[in-house]
Amino acid sequence: MKLNLRIWRQKSADTPGAMTTYEVDGISSDMSFLEMLDTLNEDLILRGEEPVAFDHDCREGICGACSLVINGDAHGPERTTTCQLHMRSFRDGDTIDVEPWRAAAFPVVKDLVVDRSAFDRIIQAGGYISAPTGSAPDAHATPVPKPDADFAFEHAECIGCGACVAACPNGSAMLFTSAKVNHLNVLPQGAPERETRVLDMVRAMDDEGFGGCTLTGECATACPKGIPLPSIAAMNKEWLRATRKVRR
């Protein structure tokens, strides 16, 4: 395959960026999108040019490090992570636009790399449980009803890639935050911090400058792990419950 790439290049957070056009040839349809970028970078290095900076780690759809807007869609045309997107989703001769996540809370570091540490600070605000030290308890020591376990597992799928924020026209992080809150709040292990968790994590989310949620649903559509839109309603219910309990 021969492709025309229009890639966002930006030297640093303090310098303006622009789309730069590159041509790559000999791309196999079996390559992943990141392998295609690797091929481009090898060509750039051989020509003595600066390679394109982009985030990646596991390349197995687990870590959430890969974060690209491809032709206007977070992670590209398929509902998967960028690392699991293959070039068979494109045609020979295509022009492909590649940009970083676009959100005020995710400033560009360089080229396609953005700073997503805002997510880390939301997690620090309450995305944990308190546990006594000592030997690990048996897995069946704390019974969990099957519907609650399924609900928790569904929300534990969130890998924190940030596609929900990038896809949202408001740059909202409600789907990410709701996944982390709901995952722990439904389990008995998360009960001691149930109220403070949702209040503190929502407060941290607001402090980071993410936009407000207007339930457009773009976040759930873009999520590669299928976190459902009703997750946001469930978190709002938790937040109302917590505010009423704190007032008493």
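**Figure 1. Contacts of Val165 in the predicted model.** Leaving out residues up to four places away in sequence, Val165 touches Ala103, Phe106, Phe119, Gly171, Ser172, Ala173 and Phe210; contact means heavy atoms within 4.5 Å. This is a predicted model, in which local features need pLDDT of at least 70 and side-chain atom pairs count only at pLDDT 80 or more, while totals for chains, interfaces and linings use all residues. Residues are numbered from 1 along each chain as its sequence is written, and side-chain values use heavy atoms, with hydrogens and water left out.

**Figure 2. The largest nonpolar core.** This core has 39 residues, and Trp101, Phe106, Phe119, Ile122, Val165 and Phe210 have the most contacts inside it. A nonpolar core is a set of buried Ala, Val, Leu, Ile, Met, Phe, Trp, Tyr and Cys residues joined through side-chain atoms within 4.5 Å; buried means under 20% relative accessible area, with a 1.4 Å probe and protein chains only. At least two residues of the core come from each of helices H2 (117–126), H4 (163–167), H5, H6 (194–207), H7 (218–222) and H8 (230–247). Helices are DSSP runs of H or I with at least four residues, strands are runs of E with at least two, and both are numbered from the N terminus. H6 gives the most, with 6 residues. Domain 1 (3–110) and domain 2 (117–247) each supply at least three residues of this core; the bounds come from an automatic or database domain assignment.

**Figure 3. Buried residues of helix H2.** Ser117, Ala118, Phe119, Ile122, Ala125 and Gly126 are the buried residues of H2. Their cover includes H4, H5 and H6.

**Figure 4. Surroundings of Thr177.** Thr177 is found in helix H5 (residues 174–185) and counts as buried because its relative accessibility is 0%. Leaving aside neighbours within four places in sequence, Thr177 is in contact with Ile122, Met201, Met205 and Met235. A polar atom of the Thr177 side chain lies 2.9 Å from the backbone oxygen of Ala173. Cys158 is 19 residues from Thr177 in sequence and 9.7 Å away in space, C-alpha to C-alpha.

Figure 5. The largest pocket has a volume of about 240 Å³, the space filled by probe spheres set on grid points joined across faces, edges and corners. A pocket is an open set of points on a 1 Å grid over the protein atoms alone where a 1.4 Å probe fits, with protein on both sides within 12 Å along at least five of seven lines; lining residues have an atom within 4 Å of a point. Of the 14 lining residues, Gly72, Asp73, Ala74, Ala167 and Ala222 are the closest to the pocket centre. H7 gives the most to the lining, with 3 residues.

Conventions. Buried means under 20% relative accessible area, exposed over 50%, partly exposed in between (1.4 Å probe, protein chains only). A polar contact is a pair of N or O atoms within 3.5 Å; within protein, one must be able to donate a hydrogen and the other to accept it, and residues adjacent in sequence count only if both atoms are side-chain atoms.
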